[in-house]
Structures are given as structure tokens and as C-alpha cells.
Amino acid sequence: MNTLTASAAIASGNATRAVRLANVRQQSLVTAKVRVLWVLLIFVFVTLTALVRLAQLGVFQQTPERTSMAEALLPARGDIIDRNGIPLARAFPSYSLWFNPAALGKGGQPLVKSPEEVARALMVIFPDADQADLVARLKAGKPCYLRRRVLPEQANKVFALGEPALEFPRENQRYYPQGSLAAHVLGFVDDDGKGHLGMEQVLEPRLLDPAQRGAPVALSIDARAQGALEDELNRGMLETNAKGAAGIILDADTGEVIALASLPSFNPNRWDLARNATVFNRVSNQVYELGSTFKPITVASAIDAGTITDLAVRYPTAQIKIGGYTIHDSHDFGGSLNVPEALIHSSNIVTAQVADKLGGPALKHTMEALGMNERPTIELPARGFPLWPRGENHGDWSRITTMTVSYGHGIAVTPLHLAAAYAALVNGGIWRPATLFKVDPAHLPAGRRVFKAATSARLRQLLRLIVVDGTGRKADAPGFRVGGKTGSAEKPNGRSYNRTSLVATFAAAFPMDKPRYVVIAMLDEPQATQATSGQRTAAWNAAPIVGRVVPRIGPMLGVVPDAQRDVDITDLSPLVGSGEGE
């Protein structure tokens, strides 16, 4: 090849490379432009999305001026506290255990190990879970909750199992730091965030209101007194093998509920495990014939009406036969009793004669003034309607009805009714509605007068006498001047009464020289046991509960024991003979 031809070939090759380089540059430029265009398009898309979201916020949601950082930090549900600020119910973020079968992709096995192996591993972390239920849920292959309210340490243990299908979504949950304490007062919040049964249901609008949920709601409950009452009621149940128990501590002047307990109870943190029987409130929703605890009410009504003017007057104790019924006493108290003796020995016969002389209209009016003919007044949603005896032609009570109601038969009310009535008996004669909210002493509800102040003063003496010399001796707490009355009533069984089923109640107040608190303790169907010396009556089982509760709660509530003070009953003591009652 000559030189000229070689030069031409080299020039031609250089031209070809130049063309190729030009093409590469052009393609790179086009690619860069396309990328810039994509970036611009993405930027425009993001910008448009942000603008649309801002428009939504502006049109459909609160504006920045109305949505503060404080509101964003509010709890999902307001707290509930006791009267001293102790938390009873709180909202807190928690984990849940969620089964996501699609975690490893559709069509494949949702779990690394078998459902049985995973369920066994979960049982180690959650011993109270139902293993068969876990296996069934895991085998079903459907998304579902396996557990709510999972603690962080529990979530870590589940994570360590290495199962991607077990996930932990964060949720807002309701937590009750005191466990089952005051469960029947509080109620519970379900998994959907809805309140049930107690104050959680009543306060729902308030607890969810963004304008108010930042401040806790204070109840009248004192957690310390609540714990003492529940503890002693539970002890009483165990000692007597009773099927249930109820108790209440009420401020005699304000109507504030200091403690309210119904047993068996439940843990609102695990409301799903509660049975229907445990969520039923025996204090406000169940009505009972409360027996001889009504006798002081009858006597007070008769004193007020002027039917009783001399407490030394004696009444015969022979059985009363009326309308096919026989009114009798549990013991033979001799030929006659006066009113103080009738109360300390709990005589049905003498109380019936007092009521017969008083008359049905007057006794009925007293019971109506005490609210015995309507649902109890309290904020709780579950409030039982009394079994109110009908009068003749829906008018006045018959003679036999008047007599039986006088000693607590033929009428059924809640223990809460009884507590409010005893408050009126001892506080000077004023009935006030019970409340679960703290009451400002400067703004007491007016209430209504049921008894004269002088009658109330006399009843304080008589109730103290029952504890000093009568059936309430086991309720006496040295230095606290307890007064009260036993009641042991057979449960109705159709048209007759079941002699083997009792409701044992002790209704009390302290200190009787200046009553501050009413205490009611009730046992449902207590049995005769060694702990009660083989006895089933209130003198042996309900009265001791009050005798143990009062010394525990008195100092907490500002009542210091004082053995040098007491109610003056020197004018009544000489009227009292010997004998036994319920």
C-alpha cells in the first residue's frame, strides 16, 4: 500500500471515530435531558401532592391557628384519679401482637415454624393465653390480633422467635395502675376505645373532649379506703364461703362515695376475661331485702311522728298472727321489751307493733323521702329499681305490709339506698344524693329533711347502744365510737323464704358523737363456718367486717381514735335488760 492510500485510510478512520464520539456525546446529552426531565416531573408531582395535601388540611382539617402543639401531645383519653390525685385510669401507648400471614409473600407459608410450635413458644411469654385458641388462629391463616396490651419486654421476646408474620403495631390503650381496685366504679374501655359499665362510660364525652381531656377527672373515691374495704370484704367472703359481698363508705354530710366495692370483682386491664357475674354491681344494681337494718328507720319515723314518746314503754313479745302470717322473733326475749331492748336484740314483733301504731301512710312517706321507691341516686349507669310494695288499690299499704316493711321484709333495695338512709339517720336528718364526684363543702347539695334534728340525735344514741350492748358488739372499734344495726334476712323464694339462704348486713356510722362516715358491709349467702363459730347471722360475719374496716380507714380519713370520748347513753343503759338477737 502506498503512502497516499495509507494516509487516506487513517483519515477515514479518524473521521469515523469522530462521528462515533459525536454520537456518544449526543446520546449522553439526550440521556441527561431525559433525566433532568424526570427529575422535574418528580419534583412537580411532589409539589402538586404537597399542595393538594395543604389544600386538604386547609379545607377539611383544623388550621395551624387552631391546632396547637399542646393538643397534639394530649392523651387519647383523659385520666381518672381519686380524690387525692392517685391515678385510677390512664391512657398510654402500647404494643399489640398482630398476625400478618402475608408477611412472607402471598402463596407461601405464613410461619417459619409450625402453628403448634409457635403457639407453645407464645405460651412461655404469655402464660395466661389460651394455647388451643392460638393454634386455631395461626392455622386459619387470617390476619388477626393474637393479643392486646403487649409490654416492650414481651415484644422483644416475641421478636426473638424469628417469625416475620408476628408484628407489633403501636396503639393507644387504657391502663388501670391499681389493678382491680374500684373496678365496679371505673368500668373498663374495650379494644375499640369505648367505655363500659362505670365512670368510663359515664365520662366518655368528657374524657374524649380535646378541650378537657388534658385535665384528669377527680372522683370522690379514696384509693386507700377503697383498698381497705375490698380487703376486709374479701376476707369476710373467704371466712364464710359467701357467694358475694358488697360494701360502701359514704360521707354522711356530703353524700360523697369514699369507697364502693362489689365482690367478686374483675381486673379492667383484662376485662375480656371477666365473667358476667363479676361485672355485676351488687351495691347499686342488685336489690335485696335487707332485714333488720330497717328497724332504726321505723323507730326514727315513729319518734318523729310522736308515736314513740317514752322509750321505757314495754311491748308484749307474743307472736303476732295476721293475714295468714305469723310474725315471730329468732329468740324468746321474755314477756315484753321496750324500744331500746327491741333494737339491741332485734325484735321483729316489737318493731311490727311500733309500725302498726305509726300507720302505713306515715311509714310509706318516710321510705319515699329516703328514696326507697326509686332507683338509687348516683352517676353509675347500672342502678337497680327497688321492689316496692304496692298498697291496697295502689294506695296506702295494708296492715301486714306496714308491719313486714318495718323490719325489712317485703321491700327490696340496694345497699346504696341503705347507706343514704343511714346518713340521714345520723347527720341531723338530711337526705342527700350519693355522688362519685368530689363535692366542694361550700356548695353542698341542699338535700331534703326527713327526720328532725332531735330524732337524729336520739338515733345516734340508740345505734351506739346496739354496738355497746346488742347484736353489733363485734363491730365495736375502740376509740372510734361505732354505732350500727345488724340485719339477717332470708332470701325470698317465690311466696315463701329460703331458710338456708341469708343476706347478712351491718349498717354503721362513726364516730357517733359527730358522725362523719357511714359504712355498709353485706355478705350474700354466708355459710356457718368455724371462723364464725358456726353462725350465719350478721352479728357474726358482717359486723366483724365493719369492726376491722373502721380502724383501718379512720386515721386515713381524719378520724383519730379517742378513748376518752363517746356518745352519752347513760339515760338509755338503765332501760336495757339481757338477751340475745341476730
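Here are a few notes on this predicted model, going element by element.

1. Ground rules. Numbering starts from 1 along each chain as its sequence is written, and side-chain values use heavy atoms, with hydrogens and water left out. As this is a predicted model, local features need pLDDT of at least 70 and side-chain atom pairs count only at pLDDT 80 or more, while totals for chains, interfaces and linings use all residues.

2. Strand β19. Have a look at residues 517-524: eight of the eight residues are buried, so the strand is largely enclosed by the rest of the structure. Buried here means under 20% relative accessible area, exposed means over 50%, and partly exposed is in between (1.4 Å probe, protein chains only). Cover comes on both faces of β19, with Tyr517, Val519, Ala521 and Leu523 on one side and Val518, Ile520, Met522 and Asp524 on the other. Strands are DSSP runs of E with at least two residues, helices are runs of H or I with at least four, and both are numbered from the N terminus.

3. Partners of β19. Strand β9 (residues 244-251) runs antiparallel to β19 over eight bridges, with Gly247 opposite Ala521. Strand β18 (residues 496-510) also pairs with β19 in the antiparallel sense, over eight bridges, and there Ala509 sits opposite Val518. Six residues separate β18 and β19, which form a hairpin. (Pairing needs at least two DSSP bridges between the strands.)

4. Helix α10. Just after α10, Gly306 has a positive phi of about 85°.

5. Gln154. You'll find Gln154 in helix α5 (residues 152-159). At 17% relative accessibility, Gln154 counts as buried. Setting aside neighbours within four places in sequence, its contacts (heavy atoms within 4.5 Å) are Ile125, Phe126 and Arg149.

6. Leu41 belongs to helix α1 (residues 3-60) and is partly exposed, at 45% relative accessible area.
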